[in-house]
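I opened this notebook to record what I looked up on aromatic rings and surface patches. The entries follow the order of my reading.

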Amino acid sequence: MDPTAWNVPFPVVVGALFAIVMCRANGTYWLGRLGSAGARRTRLARLMGSAGYRAAIARIDRYGAPVVAVSFLTIGFQTLANLAAGATGMKLRHYLPAVTTGSLAWALLYATLGTVGVDLFGDLWALSPALAIGLGVGAVAAIVTFIVVQHRRGVRAVDAQADDSIPA
């Protein structure tokens, strides 16, 4: 799905991306909301037992709806934040404004920076496919490194929080 190839006005691109991400985010929220009771008996239990999910719940418990809105500016945390918001039963009057704000920010960013990035990568590929592949590999390595570091921080934070909650 390349918004640069849609050949429609910019507001239509933003509106379509907004609708797509709202459906995805709200679907994830309702999956968490409806599945939390029986999730321990399904494949969803593995995700809901992960360190990333526990970190998302800890952040949502501490900061509430702003975590959902800001999660749209991250890579990898958005789905977990929406799932955790549903599973913890965040009230819709708090969730809907947060998910709307986050979805709009995501749609605007993707429609502008995302499409510019696609165009720039295409220009780089035309200039030098090897350089484009090297840049892609470097970007993936940077993202994986970031995710691993964040995961380790999240695991340590959740473990420390769990240690604090255990009575001595």
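The entries below go from the overall fold to the ring pairs and then to a surface patch.

**Basis.** I worked on a predicted model, in which local features need pLDDT of at least 70, side-chain atom pairs count only at pLDDT 80 or more, and totals for chains, interfaces and linings use all residues. Residues are numbered from 1 along each chain as its sequence is written, and side-chain values use heavy atoms, with hydrogens and water left out.

**Fold.** I looked up the secondary structure and found seven helices and zero strands (DSSP runs numbered from the N terminus, helices being H or I of at least four residues and strands E of at least two). Along the sequence the pattern reads α-α-α-α-α-α-α. I noted that 30% of the 168 residues count as buried (under 20% relative accessible area, with exposed over 50% and partly exposed in between, for a 1.4 Å probe and protein chains only).

**Ring pairs.** How many aromatic pairs does the model hold? I took rings of Phe, Tyr and Trp (its six-membered ring) as paired if their centres lie within 6.5 Å, with planes under 30 degrees apart counted as stacked, over 60 as edge-to-face and the rest as tilted. The count by this rule is four aromatic pairs. Tyr29 is buried, at 0% relative accessibility, whereas Trp30 is partly exposed at 35% relative accessible area. Phe121 and Trp125 form a tilted pair, with 6.5 Å from centre to centre and 35° between the planes. I also recorded one aromatic cluster, formed by Tyr29, Trp30 and Tyr95.

**Helix H6.** Where do Phe121 and Trp125 lie? Both belong to helix H6 (residues 92-127), four residues apart, about one turn of the helix. Phe121 is partly exposed at 36% relative accessible area, and Trp125 is partly exposed at 42%.

**Nonpolar patch.** I found that Phe121, Trp125, Ile133, Leu135 and Val137 make a nonpolar surface patch of about 490 Å². Patch residues have over 30% relative accessible area and no salt bridge, and nonpolar side chains (Val, Leu, Ile, Met, Phe, Trp, Tyr) are joined within 5 Å, like charges within 9 Å. A salt bridge here is a side-chain nitrogen of Lys or Arg within 4 Å of a carboxyl oxygen of Asp or Glu. Areas come from the Shrake-Rupley method with a 1.4 Å probe; for residues, only the protein chains shown count as cover. H6 and helix H7 (129-165) are the elements that give two or more residues to the patch, and H7 gives the most, with three. Val137 is found in H7 and counts as exposed, at 55% relative accessibility.
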